[in-house]
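Here's a quick tour of some side-chain contacts, with the cut-offs spelled out as we go. Have the structure open and follow along.

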Amino acid sequence: MLYRFVLSLCFCLPLLASDPVTLAFFQDKPRSLAKDFYIYEYLQRPETTPQEAKALFSAVHTMNMRFFHLFAKKMDNPTYKKISKCVDLDVNALLKEDNECFNIGITLNKISALAKTQLPLILSKLSAKSTLIPIVKLMQSDDVYAEALKNPDAFLTLFNGSISAYKDGIFDQTSLDSAYLSALSNNPKFNAFAMSIVQNDKLDTLRESLLHFKPSLHVKSKTLFYLGLNALRYAQIDQAMLFFEQSIESASKQEEKDKALFWQYLASKNANALQRLAQSRDVNIYSLYAREALELPFPEIVSPVFEGSHPSFDVSDPFAWPRVMNRVYTMKSEEVQTLAQSFRYADTLPHYVYLMERVTHYAKNYYPIPYPEEISGYSTHRQALMLAIARQESRFIPSVVSTSYALGMMQFMPFVARDIAAKEKIEDFDIKAMFHPHIAYLFGNIHLNFLEKSLYHPLFVAYAYNGGIGFTKRHLLGGAFKEGAYEPFWSLETMQNEESREYGKKVLANYVVYRELLGESVSIKNLFETLLIPSVTDRFRN
């Protein structure tokens, strides 16, 4: 096929050649996620020695459990090996281990899966200094709910830390009065508590309790917004409007304000809310909808175009950008702006935009189109979709590495990139080729071809790109985006996977902007409406 031919040519280029990585390779590399990725890959080699692993341990930029497990497996460190083993054991397996292992791996979440008769054994194995002791003693009470109410902090700790089945069985007994909830909202743990209740379909009594109380200043904007949605569930329009207004007042991000304002409009149909929303300087699905509904001009977009190549900056070097950013973190705003000017070349357009967004505190809406020659042969829809995803994934920085070690402009996980390479029959595939814009776009296009066999709407493609096609299928078959009150917006806001939920909304807004920039405008109102028509959005619901 064409892709295979083009890719085979690409991998003959000298710039894709990679020297074998040795321990010396890491000595002059800046501490960064890119370095973490190379260390992670190095540790997976059978020939890497325990001594080498030990030498690299202190060079890690961001340690996570997956990374730690790999170090523990490779290093001759009994303590690390024990921690690695014990943290992943379930509670029944932990009960068979010694007390040290038990205390390493035990959590409230694991304890809440046990029968009450097993709690004395838990107490006997807990360290004397364990903060879990008072909670486990509380769980032994004849009436756990009544006892928990006497200690608001313990009440919130137990609720937030327990599994769903425990919550459902213990906490949904009686309504909480408004005075108790108002006092409870002074505790920072209240935010997780309220969000969990609103998103749980089984806790009807607790959820209804949240309708009428005065939240403290400690309640976050996001929590207030979902309290507003909860009020709409019970058709309490005035109360919902109040929660949304409080969300607007406490929000630090413009998009959070716009979201609450948009829902004030949905709940009240008050044109003033739509007018306020249309004045937003932020580009998001809410402000785009308001402008379109009021037939206002498209928001001001900055999409610079440069020529030539940077004479000394290699965009595919994963350590080049971290070196720049390590300097930027200590610079004054004027210095960053001066530095940005040195990146006014076609191949470093993303780097220029990244720095200018930082300088302007994101007050301007930058939507660059880097490396347009790589996607010019695709349809306008596909170009806009690829640009929308790349902007959200990486801000188009070709050599970026994420905390999960997704690579490059289109942020491919190594296993996905290797799978694509294998299916395309690319021999001697080097994963670091994903740092090249040409390869990133090609692999992105191949992956989108796969996703769009089943998903025909940019929002659903975005969900699948972020959370996987299986996740998206389960979400759609689980009842999302059906006809009903406030749909499709209700489904847009109530997906429990927060990362995919917010990612999808941002990609959808990006898509609308890029369609505009590419000269083929699309109606966001129409995009919203088609979400409720399975025949034009996905094959799973047909």
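## Salt bridges

The count comes to 23 salt bridges, taking a salt bridge as a side-chain nitrogen of Lys or Arg within 4 Å of a carboxyl oxygen of Asp or Glu. This is a predicted model, where local features need pLDDT of at least 70, side-chain atom pairs count only at pLDDT 80 or more, and totals for chains, interfaces and linings use all residues. Residues are numbered from 1 along each chain as its sequence is written, and side-chain values use heavy atoms, with hydrogens and water left out.

Start with Glu256 and Lys259, whose side chains meet in a salt bridge at 3.6 Å, N to O. Both sit in helix α19 (residues 254-268), three residues apart, so about one helical turn separates them. Helices here are DSSP runs (H or I, at least four residues; strands are E, at least two), numbered from the N terminus. Lys259 is buried, at 3% relative accessible area; buried means under 20%, exposed over 50%, and partly exposed in between, using a 1.4 Å probe and protein chains only.

Glu520 and Arg515 make another salt bridge, at 3.3 Å, N to O. Here Glu520 is partly exposed at 38% relative accessibility, while Arg515 is buried at 11%. There is also a network of salt bridges linking Glu493, Arg501, Glu502 and Lys505.

## Around helix α25

The side chains of Glu357 and Arg391 form a salt bridge at 3.9 Å, N to O. Glu357 lies in helix α24 (residues 349-359) and Arg391 in helix α25 (residues 380-394), so the pair ties together parts that are 34 residues apart in sequence. Both partners are buried: Glu357 at 3% and Arg391 at 8%. What else does the charged end of Arg391 sit over? The answer is the ring of Tyr367, 3.7 Å from its centre. For this, NZ of Lys or CZ of Arg must be within 6 Å of the ring centre and within 35 degrees of the ring normal.

Arg382 is found in helix α25 too, and it is buried at 8% relative accessibility. Its side chain makes a polar contact with the side chain of Asn445 at 2.5 Å. A polar contact is a pair of N or O atoms within 3.5 Å; within protein, one must be able to donate a hydrogen and the other to accept it, and residues adjacent in sequence count only if both atoms are side-chain atoms. Leaving out residues up to four places away in sequence, Arg382 touches Asn445, Leu448, Asn449 and Glu452, with contact meaning heavy atoms within 4.5 Å.

## Aromatic pairs

Searching the whole structure turns up 47 aromatic pairs. Rings of Phe, Tyr and Trp (its six-membered ring) pair if their centres lie within 6.5 Å; planes under 30 degrees apart are stacked, over 60 edge-to-face, and the rest tilted. Tyr38 and Phe319 are a tilted pair, 5.3 Å centre to centre with 40° between the planes. The pair links distant parts of the chain, with Tyr38 in helix α2 (residues 33-43) and Phe319 in the loop between α21 (285-293) and α22, 281 residues apart. Tyr38 is buried at 9%, as is Phe319 at 3%.

## Confidence

The protein has a mean pLDDT of 94, and 96% of its residues reach 70 or more; pLDDT is the predictor's confidence in each residue, from 0 to 100. Over residues 1-17 the pLDDT is below 50, and this stretch has 31 contacts in the model beyond near neighbours in sequence.
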